[in-house]
Every structure is written in C-alpha cells, then in structure tokens.
Amino acid sequence: MSKTNLIQALNEGEHRFTKMAKDIWEHPEVGYTESYASSLQARLLEQEGFRITSGVGEIPTAFVAEYGHGSPVIGILGEFDALPGLSQTVSPDQTPIVPGGPGHGCGHNLLGTAGVEAVTALKQLINEGTLPGTIRYYGCPAEELLSGKTFMARDGVFDDLDCVLTWHPGSSNMAANYSMQALTGVEFFFSGRTAHAGAAPHLGRSALDAVELMNVGANYLREHVPDGSRIHYQITNGGQAPNIVPDAASVYYFLRGKDRAAVDHLLERLIKIAQGAALMTETSVRWDIKAGCYDTLPNATLNDLMHAQTEVAEPIQFTPEEEAFAEQLLKSVHPDVLAANPEAALHSEKSILPTAFINNKQVFGMTMGGSSDVGDVSWIAPMGQIMTTCAPLGVQVHTWQATAAFGSSIGMKGMHYAAKLMALSAYDLLQNTDGVIEQAKAEFKERASGITFTAGIPAEVKPPVPAHIKVTVPAG
C-alpha cells in the first residue's frame, strides 16, 4: 500500500474519529480521572487488534496500544485530559454547558484522537506486510498537571522507542521548532500551633504567617534568577477562620526554567526560603514534589520529516461558514490579546484560519514560556512535533474560545490533518527511508550533550489518582 492508499484509508475513516473526538469533548475529564476517554480509545484499539497494556506508571487511565513486531519501534503520543472551569458550547458567545465545569480548552480531545486515527491506519499496512516494525499509541493522562508522562517515563515505557511523534492543536500549521520550559511543581505544608486569635494570639504559631513570609521571600527571589525563569504560586490552604490562628497552611509552586538543571537549582533556593519562613514563625515545613518535567528537546530531522509530508497530504480547506464562525469568535477576544499573538507574524496569509505550513528554523531551540511533560519523552527518544490550525489566529489555548473552536468542525479538520502528517511520517520511519532514524538519533545524541533522562518526580512519589478511578480494562 502506497502513501496515496494510506491517505485514502485516513479519509475514509474520518467520520469515525470525528465522532470519537466529539464524544471526548462532550465528556470532559480533568487529569487522572479520564476514565471515559481512556476506555473509549483503548476499547477501539483493542477491537482493531492492538495489544493493550493498561495502568502503566501506576495510573489507571494510562495505557499503551501496540501493533506489529520487531524493529523499528515508532511511538505516537496522545492526551485526553480537560481543564477545569472551561465548559463551553460551540458558540461565539460565552455559554458554558455546565457552569464552572471542565472543558477541552487545550484541545486534548483532538490531540489523542488524531494519534488513534494515525495508528489505526498504519496498522492496516503492517497487517498486509507493507510495513515492518512496531507502531505504538501512548494514551497519556494528566498533561495539564505536567506529570502524567513523567510517571510513565519513570516506569520505562518509552525506553525502547526508536522515534516518537506528537502534535498539538493550535491556530496555525507549523513545526514545533522551539523548546518549552522545564518545570517543577512542589507544594509546601507548614505546621504550627492553633490559638484564639483574639484572646491568646501569643500562644499561637501561625502556619499561614509562614506561607505568607515564604511568598514574600519568593517574590524577592524573582530579581535574582536567570532571565526567563518563572515562579507562580497558589495558597492551597489558608486556615479555617480569621479568629483562629491556623496550625496548618500550604502553598503550591510552579517553577519554570530553561532546562532541568536550572529548575532544580531554583527549587534548592526556594526550599531554603521555606525553611527560613518556618524558622521565623516557629513552625515546621515539609514539601511534596508533584511535577517535574523536562524542557523539550526539538529534533530538526523529525520536524523536517513531518513538514515534508505536506507535499503529499492535501492542505486543510475551510468553508465560508467556518471562516464566519472564526470571525465571530474573535470578536470576543480582547484587541491586546490579538495584537500579542506571536504566530500571526509568521504568516503571510491574510486568513484568520491559516492553511499554509510554516517550518521556521530561526526559532529552533529558542525557549518559549509554556511547559509540557512531552519534554520528558523528548529526552528519551528523538521526538518530532507539529501544530495544526484548529482555532482562528488570536484564540489562546486555556480559554473558553478555544473550547468552542476545538469542539467545532474547524478543530476536527485540524485534527485530521495532524493525523495524516503523523501517519505519513511514521510510514517513512517504519520504512527507515534514507536512513532517517539514524539521522534523528545522531542529532538527538548531539543535542542531548551527554545528559541522560532521570525522572524529575522522586521514586517514592505516587501518582495522585483519586480513589474512585479504577484501572481501565478494555471490553473484549
């Protein structure tokens, strides 16, 4: 079967996967609770003949689906968790389906489904003997909590990959040549002594005072960190009542930096600040590492390979109705947000739904502000990553406008395009056309500069899975 036949198979299956993506969009689940989406995908892949390994990394909703035998082993990453508070209909007006409920404002209903779509089409070629090797789909939970893939990586499920491919819904078609930041998520818990805040405040030792003093120290630290570093925090427990000196309080920090070493150093300094706050308030402090992802290590060989598939796959075509919906949706976005969109500067197109594919080498390796646990995988095996147009230029992810776009036909078209580019790229990798795997591995080795992946979450830390979430067992 040629690439033309592969595209035909993908086209014929589009309705099936549009339905899956919409189904997941209609049943949004936040990180570590994605039973519906995980089961839906694992069940379909099991029916297609894939070997399913569930509960990897001690996470019930994480699974690996594998088809074929031997080398090369090519992986495709998928995600399916939603974000809290972003429930929204497919409408240009803010109209939540469930007020305050979760929604797919990052498009993970599309992200994972495109991976399932790609491996299902590739399975046909492997089954017919057209392609050698093994294809894997990784059902990865809790990307929004920046830790799902870290637990999976700690479990070793990516270690034998030759190459891995992924994508993300965006507002343009482009190779992800930039690097995302490394991150550590850490929560500090202070313990003190309670007392009546009015009658006997001198007898109390306020855990909340310790949290606030720690935050002051962290804010002074901001002046003395490398450029691009970020320190975010949220008070997760501030006590029970104003007239009770709180004996327990906590604060959750996100620390971002250029690479894993920079973030580890930032954590060392923050821990000293926490210990100082405890000393000043005569309280005690402990901390839990909850996330520890790496910066992403881009691979030009694989990104170029994914870009090259645009010569085979037909570009996205949007209808006048979709253009009109995009225009209406953008009316709700603040002009300052529209003006600050960095992707807009890359496109010569005037359309707010770009169809051309950009492979900008000038940004290769430059650090952007976000973080993702795909960074962990990129330090284990060579990783190619793209973005496709699933929302109009100017719509930011993690917004209700994004939820609306990712549930619309615009999002579905971008998803199918991503599935084609990943499937076609995996075709070349399985064939190892022109020795592309060896080229990608050589580049990976050079860029890694001798750094070996070690999970940023300590071995004793278990995934924060709610007790009611059970291991997914696909129906036979």
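This is a chat about a predicted protein model and some of its residues.

User: Before we start, what kind of model is this, and how is it numbered?

Analyst: The model is predicted, so to speak: local features need pLDDT of at least 70, side-chain atom pairs count only at pLDDT 80 or more, and totals for chains, interfaces and linings use all residues. Residues are numbered from 1 along each chain as its sequence is written, and side-chain values use heavy atoms, with hydrogens and water left out.

User: What percentage of the residues count as buried?

Analyst: 57% of the 476 residues do. Buried means under 20% relative accessible area, exposed is over 50%, and partly exposed is in between, using a 1.4 Å probe and protein chains only.

User: What about contacts between residues at least 6 apart in sequence?

Analyst: Among those in the protein chain, 83% join residues at least 24 apart. A contact here is heavy atoms within 4.5 Å.

User: Switching to charges: how far apart are the mean positions of the positive and negative ones?

Analyst: They're 4 Å apart, for 31 positive and 51 negative charges. Lys and Arg count as positive and Asp and Glu as negative, while His and the chain ends are not counted. Each charge is placed at NZ of Lys, CZ of Arg, CG of Asp or CD of Glu.

User: Let's zoom in on α4. What span should it have?

Analyst: Helix α4 covers residues 108-127, and at 1.5 Å a residue its 20 residues should span 28 Å; the end C-alpha atoms are 29 Å apart, which agrees. The expected span is 1.5 Å times one less than the number of residues.

User: Is α4 mostly covered or mostly open, and what follows it?

Analyst: Mostly covered, with 18 of its 20 residues buried. G129 follows α4, and its phi is positive, near 85°.

User: Which residues does T166 touch?

Analyst: Leaving aside neighbours within four places in sequence, T166 is in contact with L77, L111, M306, M383, G384, Q385, I386 and M422. T166 lies in strand β5, residues 163-170, and counts as buried at 0% relative accessibility. The C-alpha atoms of T166 and I386 are separated by 6.9 Å, although the two are 220 residues apart along the chain.

User: And W287, buried or partly exposed?

Analyst: W287 is partly exposed, with a relative accessible area of 32%. W287 sits in strand β12, residues 284-293. Its contacts, neighbours within four places in sequence left aside, are V186, E187, F188, I271 and Q275.

User: Where does Y252 sit?

Analyst: In strand β11, residues 248-257. Not counting residues up to four places away in sequence, Y252 touches G185, V186, E187, H232, Y233, Q234, T236 and K290. Y252 and T236 are 16 residues apart in sequence and 6.5 Å apart in space, C-alpha to C-alpha.

User: Then what is phi of E58 and of A142?

Analyst: E58 has a positive phi near 60°, and A142 has a positive one near 55°. E58 is in the loop between β1 (51-54) and β2, whereas A142 is in the loop between β4 (133-140) and α5 (148-154). E58 is partly exposed at 48% relative accessible area, while A142 counts as buried at 0%.

How values were computed:
Helix = DSSP H or I, 4+ residues; strand = E, 2+ residues; numbered from the N terminus.
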